[in-house]
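Please look over the chain shown here.

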Amino acid sequence: MLNYMHKKHPFQALDNFKKHLQSNFLTSINDDTIAIALKACSGDQKPGCQIHGFAITSGFISHITVTNSLMNMYCKSGQFNRALSIFNNLNDPDIVSWNTILSGFQKSKDALSFALNMNSYGIIFDSVTYSTILAFCLDQEGFSFGLQLHSLTVKFGLDSEVFVGNALITLYSRLERMVEARRVFDEMPNKDLVSWNAILSGYTQIGNYGVEAISAFIEMVREGMRLDHVSFTSAISACGHERNLELGRQIHGLSTKTGYDTHVSVGNVLMSTYSKCEVTEDAKLVFDKIKRRNVVSWTTIISINEKDAMSLFNEMRLDGVYPNDVTFIGLIRAMSTGKLVEEGKMIHGFCIKTSFVSELNVCNSLITMYAKLESMHDSRRIFEELNYREIISWNALISGYAQNGLFQAALLTFLSTIMESKPNQYTFGSILNAIGAAEDISLKHGQWCHSLIIKLGLNPDPVVSGALLDMYAKRGSIYESQRVFSETTKRSQFAWTAIISAYARHGDYESVMSWFKEMEKEGVRPDSITFLSLLAACGRTGMVNTGCQLFESMVKDHHIEPFAEHYSCMVDMLGRTGRLKEAEELVGSIPGGPGLSVLQSLLGACKIHRNVEMGRRIANALMEMEPTESGSYVLMSNLYAEKGDWENVAKVRKGMRVKGVKKEVGFSWVDVGDMDGLHGFSSSDKSHPQCGEIWRIAECLGHRRRKKGGSDDSTAKIPSTENPSTKKPSTFKYYDRIIAAISAKLAPIMSLTKEPDDPISASSLPSTRSNSPQTTLLLKTPEKEKKEVPITPPPRSPPPRIRLPRSPPPLNIMTGIMAAISAKLAPIMSLTKVGSPPTPSPPTSLQKLKSTISRPFYALQDTMLFFIELKAFVNSIPHKLAYYYKKIQYVIYC
């Protein structure tokens, strides 16, 4: 029996014991025979109970070796209570009895309490006791207990024992104290294979010690240690973490030489390493050589080969391997990447059938999948069905809304998130991205998120700081972007790219190049987005030579393959300076043919320089590529109109009607600093609540423009086929065309009517360098490109003195002006009733103006008297009124 056990054949040993019992060879059976038979049970409770009964009837139960083997058998079979009952009935348990029961505990708290009882009973610990107790000290609560045990081992000279040293290395490694673990390892006089594997596994599991792990493996090979699958697994995993493909191939060859390359654990980590090093073909070859593939093997190959994920999943089921939650996560990711809607629904159904929807990580992956498949209704439904929602679930939903352009829904979900969970850096990264890209969310929400980030202490995080920087840049607050960047301690590649993109978006070429040089000095490698911002800045300022040099450096020096956006920037850069032939040659040299954005850039350049022939060719190519895109029709129509070719203008418009192409309405957006969101305006827009007030001011501007001889036509609109000189528009259509011409001016006008949230000093108004949010105008062009144009608020110096005409101004102009400022008189009046000490009563002319504001002012003297008394009234009331006074002056000045 003992020979069978040495050869690791427990079943043969057990059969030999049964034959002895059946042959009545009882004289050859002793306590050692029963102890070996119990060990051969290998945790199998049925034969163990039978041997237990035989030990009781034969009287061998009184031998301590038999009881210790019985306790060990019951502990391994999960019957710890029976083992504890046997222990409690022992009159004189030895150290083996104590160690056996100690190893059977499932909870570390109970095991440590039992160890304290051992010490209180005067039991002297041996090396097995220390190694067993140290195995229960692998968490933060038990670490202090482990430190005390370490000191005891040193005190009693047991630290030189191999078992104790291995346990100490594992203890320090689990708690990521690799310096202490290495010290214990170096101080060990004798090291076995477990010692080397323990230090290797410790380095690998932490992840930041890849170089040390590789060095330890090389040292292990030089020491002549015999390697096993654990050694190879740790070393190859370290190569994958360090992306060291060459060394990984060498260790792979060594594993093949020693016969461990077909081991399932070695094969799994080899596939993972080749996948991280982007050598997927080698990973597939390793998978084919694995003899006994487990769920990790199939899950790894499914994650690597996403195109054939469904077929591999079916092969996995035919192979008899049952999937786990990680398998479904890989499958769902493959469906998301490939935009496979039907297959994704099939996987969802299989998850429901196999009850994997109860796994939270699977449900989070399903939320992300449906979001990427543009089915936010299904994402929301899965989210609402969750019994427990962790922050990852909230992040998946917020990110899905942001990716699908549902920015208001993303904001509302974020507001619900902070009520139920504590947001992390990824939560703020998603919501700040949504606020930065939204047209209808005020910057105040972004500033509120910024304050919450500071409160939670997340502002140093690179993800959060990069998202903040990008959000402020997109919303026109370049000063805030620069301040966030200067406060960032760890400036990642994303942070540098974000600040460069911010200045590029605002057309500040000098700052863009300055930041780029600083980035290179810091040793940060630029990526494709960085060069895209650089090329855009060069194109807007006409720096063609610099742009060409950067494009060449991107390809040759940094080995970055240009995308369609890079070619579009180059074409736009050449086209702006009139180098249309070079731009067309560049378009023809694009690998795989030009994309939509490239051709649109070239067509826009043709319109600027009135090159009809080239524009016609590009427009035809665009119409074939995207027949329903209105941008190419509009640009070509305007190009014909500028040439006076009204016949072709009519043909283009007819083609749009036949194909059902509609020109997208251009919008102007303004952020006036309230929490209600941005205000949008378009041609003939009457939906805004303050529409009447805004239109009256616009009407006054139109009258002044006509009086000065300005043109009323908008170049943004498709010209009519009729001769403009022979057609007299009606009054309504005339003002409609004025509004279309000054569409971008409606938003600033709206900002003039906005009441401030906080009292502002009369001596200064918001400036572009202040910490207050900057009013930003977003112009939505027909090509769906957003251009940010910062609107500079009124200067700090007082507005210029208004020269009143000698004769009364036209009735309609004064009516519009006074109607525009009428909404401000009520707040002015309300200031006289608030605050302490009491403020003086308003002047009589102000009361008179309030009662007659809706009627025309014929007498200029009344108007002058109003402003004289109003100025005196300002000096005696809070500073907030000064803001209105200066705003009224600014409105009339405009």
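The report goes from the whole chain to single residues.

## Basis and overall make-up

This is a predicted model, in which local features need pLDDT of at least 70, side-chain atom pairs count only at pLDDT 80 or more, and totals for chains, interfaces and linings use all residues. Residues are numbered from 1 along each chain as its sequence is written, and side-chain values use heavy atoms, with hydrogens and water left out.

The protein chain has 47 helices and four strands. Helices (H or I, at least four residues) and strands (E, at least two) are DSSP runs, numbered from the N terminus. Of the 894 residues, 48% are buried. Buried means under 20% relative accessible area, exposed over 50%, and partly exposed in between (1.4 Å probe, protein chains only). Contact means heavy atoms within 4.5 Å. Among contacts between residues at least 6 apart in sequence, 64% join residues at least 24 apart.

Residues 192–227 are 75% helix and 0% strand, with end C-alpha atoms 11 Å apart. Residues 527–562 are 75% helix and 0% strand, and their end C-alpha atoms lie 11 Å apart.

## Aromatic pairs

The structure holds 27 aromatic pairs. The rings of Phe87 and Phe114 have centres 6.0 Å apart and planes at 65 degrees, so this pair is edge-to-face. Phe87 sits in helix H6 (residues 80–88) and Phe114 in helix H8 (residues 108–120), so the pair links distant parts of the chain, 27 residues apart. Both Phe87 and Phe114 are buried. Rings of Phe, Tyr and Trp (its six-membered ring) pair if their centres lie within 6.5 Å; planes under 30 degrees apart count as stacked, over 60 as edge-to-face and the rest as tilted. Phe80, Phe87, Trp98, Phe105, Phe114 and Tyr121 form one aromatic cluster.

What is the geometry of the rings of Phe485 and Trp496? Their centres are 5.0 Å apart and their planes are at 75 degrees, so the pair is edge-to-face. Phe485 belongs to helix H30 (residues 478–487) and Trp496 to helix H31 (residues 493–505), eleven residues apart. Phe485 and Trp496 are buried.

## Charges over rings

Lys191 lies over the face of Phe185, at 5.1 Å from the ring centre. Arg293 lies over the face of Phe287, at 4.2 Å from the ring centre. A charge sits over a ring if NZ of Lys or CZ of Arg is within 6 Å of the ring centre and within 35 degrees of the ring normal.

## Helix packing

The buried residues of helix H24 (residues 376–384) are Met376, Asp378, Ser379, Ile382 and Phe383. They cover an arc of only 160 degrees around the axis, which puts them on the same side of H24. The arc is that of the directions from the helix axis to the C-beta atoms. Helices H22 (341–353), H23 (360–372) and H25 (391–403) are among the elements covering these buried residues.

Thr299 lies in helix H19 (residues 295–304). Thr299 is buried, with a relative accessible area of 9%. Leaving aside neighbours within four places in sequence, Thr299 is in contact with Asn324, Val326 and Thr327. A polar contact of 2.6 Å joins the side chains of Thr299 and Thr327. A polar contact is a pair of N or O atoms within 3.5 Å; within protein, one must be able to donate a hydrogen and the other to accept it, and residues adjacent in sequence count only if both atoms are side-chain atoms.

## Loop residues

Most residues other than glycine have a negative phi. Glu176 has a positive phi, near 60 degrees. Glu176 lies in the loop between helix H11 (162–174) and helix H12 (178–187), and is exposed at 56% relative accessibility. Ser355 has a positive phi of about 65 degrees. Ser355 is in the loop between H22 and H23, and is partly exposed at 48%.

Gly338 lies in the loop between helix H21 (325–337) and H22. Gly338 is partly exposed, at 41% relative accessible area. The C-alpha atoms of Gly338 and Lys372, 34 residues apart along the chain, are separated by 9.9 Å. His559 is in the loop between helix H34 (544–556) and helix H35 (564–576), and is exposed at 65%.
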